[in-house]
Protein chains: 2
Amino acid sequence: MAEVVDLRSRAVLPIGTVMTLTALSARQIRYYEKQGLVHPQRTAGNHRMYALNDVDALIDIKDQLASGLSLDDIKRLRKPRQPVNETSDAAVRQALRAELLNQSRMNQNPSGPSVSQGFGFRP
Amino acid sequence: MAEVVDLRSRAVLPIGTVMTLTALSARQIRYYEKQGLVHPQRTAGNHRMYALNDVDALIDIKDQLASGLSLDDIKRLRKPRQPVNETSDAAVRQALRAELLNQSRMNQNPSGPSVSQGFGFRP
DNA sequence: CCAATGATGTCAGCTTATCTGACATTCGGG
DNA sequence: CCCGAATGTCAGATAAGCTGACATCATTGG
């Protein structure tokens with residue numbers, strides 16, 4: 001009984017909800033959008049509306065940022081145009097750097113698992 | 001990996017979204033709430049926030065209303081305190097009436113299947 | 001038949017949520 | 001030291017939501 005539209009891809013969440021679900025600020029969410037990392041729909045009144053998939057994507061972005069990657073890095077990882085081209089060495093170094101950083105500074109990262117399976121977390 | 005809180009029961013949807021998801025008016029949704037049939041949470045700013053479970057409940061209510069039941073009938077069906085007590089005959093007549101009505105006037109009911117399935121897992 | 005009731009529409013006045021754009025801040029690396 | 005990336009914050013404007021009241025329209029019990 002497949003639904004007409006899968007709920008996971010249906011834009012039903014306002015930015016306020018996404019803020020609490022991702023623990024990101026509205027500023028951050030909008031900024032990531034400007035960087036082309038998420039593409040929320042808009043209501044007739046121009047308000048952003050997100051799907052669960054967007055929430056997952058944002059959580060991934062957050063994790064990747066926390067692991068030391070830059071938004072540009074993440075952008076590239078999202079679009080595997082070609083596996084990696086000329087400037088690969090730079091990218092590799094980036095990744096390595098991220099790896100190292102991730103190891104050494106396992107800082108405060110209360111961001112739970114992806115919302116996908118069961119949405120939230122929170123006692 | 002059960003989540004602390006299942007997405008299905010997490011209040012993340014504003015009433016506008018619920019309106020489109022259920023094809024009910026805000027007036028109807030709020031009225032059903034006043035009748036004790038749904039219990040949305042509230043934001044700090046007093047805005048209602050619904051969970052997917054609420055959406056399903058509302059769709060059920062809509063179907064039952066369309067089948068001829070009254071909100072009071074639906075209320076009783078929700079709380080099977082005791083199967084049926086003193087005033088059962090009245091309830092029975094209600095049910096019968098609903099049955100008949102349901103048969104005769106299979107009117108317009110474009111409400112798709114429950115939204116339930118399709119939100120919480122990935123294809 | 002008629003008044004009472006249930007379900008819904010609609011409007012007004014108000015508060016909250018979100019939007020955009022601009023300026024400020026912080027921090028790491030060349 | 002300066003620059004750019006990422007984020008905070010504030011102001012002014014619009015959309016979205018809230019409550020309460022009055023209107024409408026069937027149904028139904030008397």
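**View 1. A:P14 and its bridge partner in the sheet of chain A.** In this predicted model, A:P14 finds its bridge partner in β3(A), and that partner is A:M49. Two bridges join β1(A) to β3(A), residues 48-50, in the antiparallel sense. As a reminder, strands of a sheet pair through backbone hydrogen bonds, either parallel or antiparallel.

**View 2. The buried face of helix α1(A).** Have a look at A:I15, A:T17, A:V18, A:L21 and A:T22, which are buried in α1(A). Seen down the axis of α1(A), these buried residues fall within an arc of 155°, so they line one face of the helix. Which elements cover them? The cover of the buried residues of α1(A) includes β1, α2, β3 and α3 (52-66) of chain A, together with β3 (48-50) of chain B. After α1(A) comes A:A23, a residue with a positive phi, near 60°.

**View 3. DNA strand C and the residues around it.** DNA strand C is surrounded by 19 residues, and the closest are A:R30, A:R48, B:S25, B:R27 and B:L71. By class, the residues of this surface divide into six nonpolar, nine polar and four charged. Of the atoms of DNA strand C within 4 Å of the protein, 76% belong to sugar or phosphate, and the rest belong to bases.

**View 4. Polar side chains at DNA strand C.** Two side chains of chain B are shown here beside phosphate oxygens of DNA strand C: a polar side-chain atom of B:Q28 lies 3.1 Å from one, and a polar side-chain atom of B:Y31 lies 3.4 Å from one. The elements giving two or more residues to the surface near DNA strand C are α1 (15-22) of chain A and α2 (26-34) of chain B. The largest share, four residues, comes from α2(B). From chain A, a polar side-chain atom of A:N46 lies 3.4 Å from a sugar or linking oxygen of DNA strand C.

**View 5. DNA strand D and the residues around it.** Of the 20 residues around DNA strand D, those that come nearest are A:S25, A:R27, A:Y32, A:L71 and B:R48. Sugar and phosphate make up 79% of the atoms of DNA strand D that come within 4 Å of the protein. The residues of this surface divide into six nonpolar, nine polar and five charged. Both α2 (26-34) of chain A and α1 (15-22) of chain B supply at least two residues of the surface near DNA strand D. α2(A) gives the most, with four residues.

View 6. B:N46 has a polar side-chain atom that lies 3.4 Å from a sugar or linking oxygen of DNA strand D.

**View 7. B:K62 in helix α3 of chain B.** B:K62 sits in helix α3 (residues 52-66) of chain B. Is B:K62 buried or exposed? With a relative accessible area of 18%, B:K62 is buried. B:K62 and B:I29 are 33 residues apart along the chain, and their C-alpha atoms are separated by 10.0 Å.

Notes
Residues are numbered from 1 along each chain as its sequence is written. Chains are lettered from A and ligands numbered from 1 in the order in which they are written. This is a predicted model: local features need pLDDT of at least 70, side-chain atom pairs count only at pLDDT 80 or more; totals for chains, interfaces and linings use all residues. Side-chain values use heavy atoms; hydrogens and water are left out. A residue is near a molecule or strand if one of its heavy atoms lies within 4 Å of it. A polar contact is a pair of N or O atoms within 3.5 Å; within protein, one must be able to donate a hydrogen and the other to accept it, and residues adjacent in sequence count only if both atoms are side-chain atoms. Ala, Val, Leu, Ile, Met, Phe, Trp, Tyr, Cys and Pro count as nonpolar, Asp, Glu, Lys and Arg as charged, and the others, Gly among them, as polar. Two strands pair if DSSP finds at least two bridges between them. Buried means under 20% relative accessible area, exposed over 50%, partly exposed in between (1.4 Å probe, protein chains only). The arc is that of the directions from the helix axis to the C-beta atoms. Contact means heavy atoms within 4.5 Å.
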